[in-house]
Amino acid sequence: MLFNPVVILGLFIAVPLIEIVILIQLGSVVGVFTTIGIVIATAVIGTTLLRQQGFGVLARATETMQSGEAPIEPVVEGVLLLIAGAFLLTPGLLTDAVGFTLLVPVARRGAARWLIQRVLNAGNVTFTTFGRGEDADGFGSNEDGFGGGPVPGEQDRPRQRSGRPPDVIDGEFERLDEKTHRPRGDNGKKH
């Protein structure tokens, strides 16, 4: 419902109108220059806080990946921080309030979990995480319920004894410089 095009169009029309009304009302109470100062101050303070919060979310995503889990929640939090930044840079007090709310870690994590749950409930979403061991189907999983499970369509493929699909090849490679293995003047043609 939230991603309905009619709802989005309504928001694009309603939010700027509400912002204009709020700014006019505030300007009539505190003055035009004070209102402009408030809008500029919220943008500056917001971008400073946004930068700090962004580094924190990046650190959490890195820790999550290093532990072998998929960094789903930190990635969604990062998207919410981008939205918060857009709201804070948009002139208006309503959008600033939403932006500042998304900068509060507890509120942002709650919104991220809510969004993840909505996406998971809306359809068949599966993904694979590797590196923390394997469960019965040969794919990694994690405790929070977000990892594991086959890639869509994968359950129809035949499996080898290892539980992996036959087209997965484990190995290492080394890139060799072509010049060190060919005589000068040879352009790769066989004689």
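Modeller: Helices (H or I, at least four residues) and strands (E, at least two) are DSSP runs, numbered from the N terminus. By that rule T95 is found in helix α4. The model is predicted, so local features need pLDDT of at least 70 and side-chain atom pairs count only at pLDDT 80 or more, while totals for chains, interfaces and linings use all residues. Residues are numbered from 1 along each chain as its sequence is written, and side-chain values use heavy atoms, with hydrogens and water left out.

Biologist: What pattern does the protein chain follow along the sequence?

Modeller: The pattern is α-α-α-α-α, with 5 helices and 0 strands.

Biologist: Why is T95 called buried?

Modeller: Buried means under 20% relative accessible area, exposed over 50%, and partly exposed in between (1.4 Å probe, protein chains only). T95 has 7% relative accessibility, so T95 counts as buried.

Biologist: Which residues is T95 in contact with, leaving aside its neighbours within four places in sequence?

Modeller: Contact means heavy atoms within 4.5 Å. On that test T95 is in contact with V15, E19, F87 and T90.

Biologist: What does the side chain of T95 reach at 3.4 Å?

Modeller: The backbone oxygen of G92. A polar contact is a pair of N or O atoms within 3.5 Å; within protein, one must be able to donate a hydrogen and the other to accept it, and residues adjacent in sequence count only if both atoms are side-chain atoms. At 3.4 Å, the T95 pair meets the distance limit.

Biologist: Which residues of α4 are buried?

Modeller: T95, D96, G99, L102 and L103. Seen down the axis of α4, these buried residues fall within an arc of 125°, so they line one face of the helix. The arc is that of the directions from the helix axis to the C-beta atoms. The cover over the buried residues of α4 includes α1, α2, α3 and α5.

Biologist: Why does T42 count as buried?

Modeller: T42, which lies in helix α2, has 14% relative accessibility and therefore counts as buried. A polar atom of the T42 side chain lies 2.8 Å from the backbone oxygen of V39. Leaving aside neighbours within four places in sequence, T42 is in contact with L88, D96 and F100.

Biologist: What span is expected for α1 at 1.5 Å a residue?

Modeller: The expected span of a helix is 1.5 Å times one less than its number of residues. Helix α1 (residues 5-30) has 26 residues, for which 38 Å is expected; from first C-alpha to last it reaches 37 Å, close to that value.

Biologist: What caps the N-terminal end of α1?

Modeller: N4 does, with a side-chain oxygen 3.0 Å from the backbone nitrogen of V6. Just after α1, G31 takes a positive phi of about 105°. Within α1, the residues E19, L26 and G27 are buried, and their cover includes α2 (32-66) and α4 (93-103).

Biologist: What makes up the largest nonpolar core?

Modeller: A nonpolar core is a set of buried Ala, Val, Leu, Ile, Met, Phe, Trp, Tyr and Cys residues joined through side-chain atoms within 4.5 Å. The largest has 10 residues: V57, V76, L80, L81, A84, L88, L102, L103, A112 and I116. Helices α3 (72-89), α4 and α5 (105-122) are the elements that give two or more residues to this core, and α3 supplies the largest share, 5 residues.

Biologist: How many residues does the protein chain have, and what percentage count as buried?

Modeller: The chain has 191 residues, of which 24% count as buried.
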